[in-house]
Amino acid sequence: MFDYSCSETLLINWILGQINTHPDAIFPHRKGWKGHLTLFYPTTDGNAYFLMSITNKKETIYFLPVDVSIQETHLKQFQLEKILKFIKQKNQVITSHSQVILITCEQEKKKIEELLIKNRIQAELLVLYSDKIKFQQGCFNNEVLNYRLSKLTVDPDLIAQTIPDNFQKARNNKTNILFYQNLFHVLNKYWIQNQNNILLETVISQSILYWKQYKKKQQKEIVERVQNALLQDLSSELSGIIRMISHKKKSESHPVFVIQFILDAKDKKNITTWVKKQNRALGLIRHKSLQITPDIYSIISNQETDNL
Amino acid sequence: MSFFSPFYDRIQELIGVKQNFEEDFSFLQPSGNDHLVQFSLRMIPSEYLELSQYDQQHFFLLDLLEETGVEYQLDANGEFAIFTEKNKKGIKTIQSVMDLRNESIAVIYYFGVAKPCLQLNSSLMQSTKLTACYLNPSGLMAVSESLSGIRSFQYYFEQSSLIFKEPIVMKGSLKGAIVQDAYQNYCKQFSSWFNIIQLSGHTTDGSQGVMTIDANGKLQIDICRLSSFLIIVEKVFSVLNDKYRFILDKHINNWIGDQHKKSVTVCSCPVQVQLPYAIEFLENLSKTLTVGKKPLNLMGLYERISPKLWKIFITELNTANQIDLEISSQQILIFIHCKWSLPMLDKIENFLRNNIAASFESLSLN
């Protein structure tokens with residue numbers, strides 16, 4: 001048996017799934033619970049973490065998803081006082097009762113526990129398993145929430161993808177595929193509306209829900225990554241469908257990329273072509289994960305040599 | 001005074017019917033005096049929202065004229081719009097009143113010969129500005145309570161062999177004395193597949209007119225008092241209005257970006273649809289919903305995001321409205337991001353009820 005593993009986005013999506021109208025939700029709308037998603041910058045190095053605040057105006061629970069890639073300096077900032085200070089800076093409301101809960105998955109729980117002990121951090125730790133979710137350390141301060149949590153059944157394969165992945169931290173191809181699926185979805189709207197000359201940055205900003213919370217530098221990095229992917233990796237698949245042209249407002253200004261549609265959306269045949277091309281482009285991203293990168297190849301080669 | 005009293009007055013004013021005629025049943029005779037009402041979702045483009053109420057309605061009607069060639073004249077108060085069609089001899093063949101008081105639902109009343117009324121209605125429903133409201137089986141049932149009894153009904157359910165290994169088909173129509181019993185039996189025995197798309201019955205006012213209600217939000221009757229007809233119209237309106245209000249309040253994924261607080265707020269959740277019979281070929285269902293072909297006219301992309309879950313992004317080809325779905329074998333989540341996607345939700349609900357079998361979680365949608 002393998003320990004259950006998942007990304008921080010999936011953990012946030014699980015929390016979001018608990019703020020709804022469903023009768024067995026932990027944070028039901030009928031009790032006035034609402035959720036705010038923000039990016040938390042623990043230090044000035046530009047690394048951002050999801051911070052999900054769930055509040056009913058009397059109490060607030062701050063959820064922070066963590067995995068083993070977290071830096072210890074960052075983890076030390078995941079404390080109630082620091083978070084409240086951050087929240088104050090953002091002009092968000094602070095309630096009289098609040099609690100910080102770290103959330104992780106089964107595979108990462110031991111390492112996170114060790115990190116917490118090592119750094120002497122007293123924190124509640126909630127763990128998502130393949131069939132349950134339970135506190136590894138601590139509990140909710142509100143007993144009603146503990147009761148609702150104990151009644152939950154969990155199937156992580158069915159957690160709704162309410163928010164897209166943190167593209168800044170995209171470590172696997174699934175994040176990439178979902179991002180590009182979203183990006184093409186935004187492009188489809190413009191295409192059907194017969195709009196042309198769309199700024200690439202506009203399309204990206206509409207594909208990422210919390211885009212405005214990224215710092216300028218991060219936004220620029222993401223735009224460059226997508227721009228390179230569209231111009232290089234996906235260019236063969238998207239040729240004849242869209243073209244990207246570089247545009248400068250003034251001769252001295254930084255160039256921006258503009259997307260133009262070549263095919264006419266009114267022609268029904270073009271719809272099939274466009275859908276096929278998009279699927280092929282997504283397939284290309286999907287199959288990239290199957291290719292052996294030089295690093296992995298060298299490990300496999302070494303192992304084979306050892307076995308010999 | 002009911003919500004439809006001004007509508008009643010406006011129709012009376014247009015057609016020129018005197019109260020006496022209305023009361024002694026001679027108002028409506030079988031030839032050429034048919035009533036038709038169509039409930040439709042009307043979508044005011046977001047760029048019109050900053051205009052005054054009157055201008056919004058006016059521009060909406062101009063857009064409708066551009067698309068269909070049908071020119072409705074807006075009243076001075078901006079609440080109703082009027083259309084009259086005359087033949088070569090100058091005789092009025094269709095008289096129509098469009099009630100624009102509700103921000104989402106337009107109620108269009110036609111009076112005249114049934115065939116041209118239906119033709120005009122059909123051409124209006126081709127427009128991207130108006131989409132026929134979907135009345136699901138429970139909505140139709142709620143309306144049927146206002147009739148003196150069910151006289152006939154039509155049902156339609158057809159699964160595809162591309163999606164199910166052993167597809168089920170249950171479609172047909174029934175009329176006559178057996179209808180009441182058959183209806184009760186079908187409801188009990190085949191609750192998941194018994195999908196009513198049309199029913200008809202007599203009104204309770206003794207006029208002997210037969211009213212027919214369609215799943216696509218259309219009500220027709222030949223002989224009836226206008227006042228009795230509007231009582232049923234009001235009932236349908238209330239069913240639809242409650243449904244759309246509930247969706248707008250609870251299910252529009254209005255992530256509110258707050259620049260000042262630098263956060264996004266979620267105060268809604270996706271529509272959750274339970275499937276009584278597990279879908280066997282999820283990829284084929286995803287393909288059906290994204291291939292861009294008739295009758296759905298939806299294009300998009302699908303991706304398997306976990307062993308059990310498929311994510312589908314779809315765009316409506318005529319209106320460019322968008323919706324996201326997450327499909328697993330026994331559950332479908334529908335993410336609606338703006339009120340302009342309501343017609344798409346109707347389209348998806350219609351498809352699921354006709355071709356998959358689905359029960360929507362909320363009472364308002366059941």
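## The interface

About 4000 Å² is buried between chain B and chain A, with carbon and sulfur atoms giving 60% of that; buried area here is the accessible area (1.4 Å probe) that two parts lose on being put together, summed over both. The size of an interface is often quoted this way, as accessible area lost when the parts come together. In terms of contact (heavy atoms within 4.5 Å), 45 residues of chain B meet 46 residues of chain A.

A quick note on the ground rules: this is a predicted model, where local features need pLDDT of at least 70, side-chain atom pairs count only at pLDDT 80 or more, and totals for chains, interfaces and linings use all residues. Residues are numbered from 1 along each chain as its sequence is written, chains are lettered from A and ligands numbered from 1 in the order in which they are written, and side-chain values use heavy atoms, with hydrogens and water left out.

Side chains of opposite charge can pair when their charged atoms come close. The rule for a salt bridge is a side-chain nitrogen of Lys or Arg within 4 Å of a carboxyl oxygen of Asp or Glu, and it finds two across the interface of chain B and chain A. In one salt bridge, B:Glu303 partners A:Arg286, with the closest N and O atoms 2.8 Å apart.

On the side of chain B that touches chain A, strands 13 (263-266), 15 (298-306), 16 (309-316), 17 (322-328) and 18 (331-335) of chain B each supply at least two residues. Strand 15 of chain B gives the most, with eight residues. Helices (H or I, at least four residues) and strands (E, at least two) are DSSP runs, numbered from the N terminus.

## Strands and sheets

Strand pairing also links the chains: strand 1 (residues 34-40) of chain A and strand 13 of chain B run antiparallel, joined by three bridges. Two strands pair if DSSP finds at least two bridges between them. Within this pairing, A:Leu37 sits opposite B:Val264.

Chain B has an open sheet of six strands, ordered 15-16-17-18-14-19 with antiparallel pairing. Its edge strands are strand 15 and strand 19 (359-360) of chain B, each pairing on one side only. Five bridges hold the antiparallel pair of strand 17 and strand 18 of chain B, and B:Glu326 has B:Leu333 in strand 18 as its bridge partner. Helix 6 (residues 173-192) of chain A packs on the sheet, touching strands 15, 16 and 17 of chain B, and its direction makes about 170° with that of strand 15. Such angles run from 0 to 180 degrees between N-to-C directions, with axes being lines fitted to C-alpha atoms, for helices over the stretch in contact.

Chain A has an open sheet of three strands, ordered 7-9-8 with antiparallel pairing. Strand 7 (198-199) and strand 8 (242-247) of chain A each have a single partner strand, so one side of each lacks a neighbour in the sheet.

Most residues other than glycine have a negative phi, and most peptide bonds are trans. A:Asn194 has a positive phi, near 60°, and lies in the loop between helix 6 and strand 7 of chain A. The peptide bond from B:Lys294 to B:Pro295 is cis, with omega near 0°.
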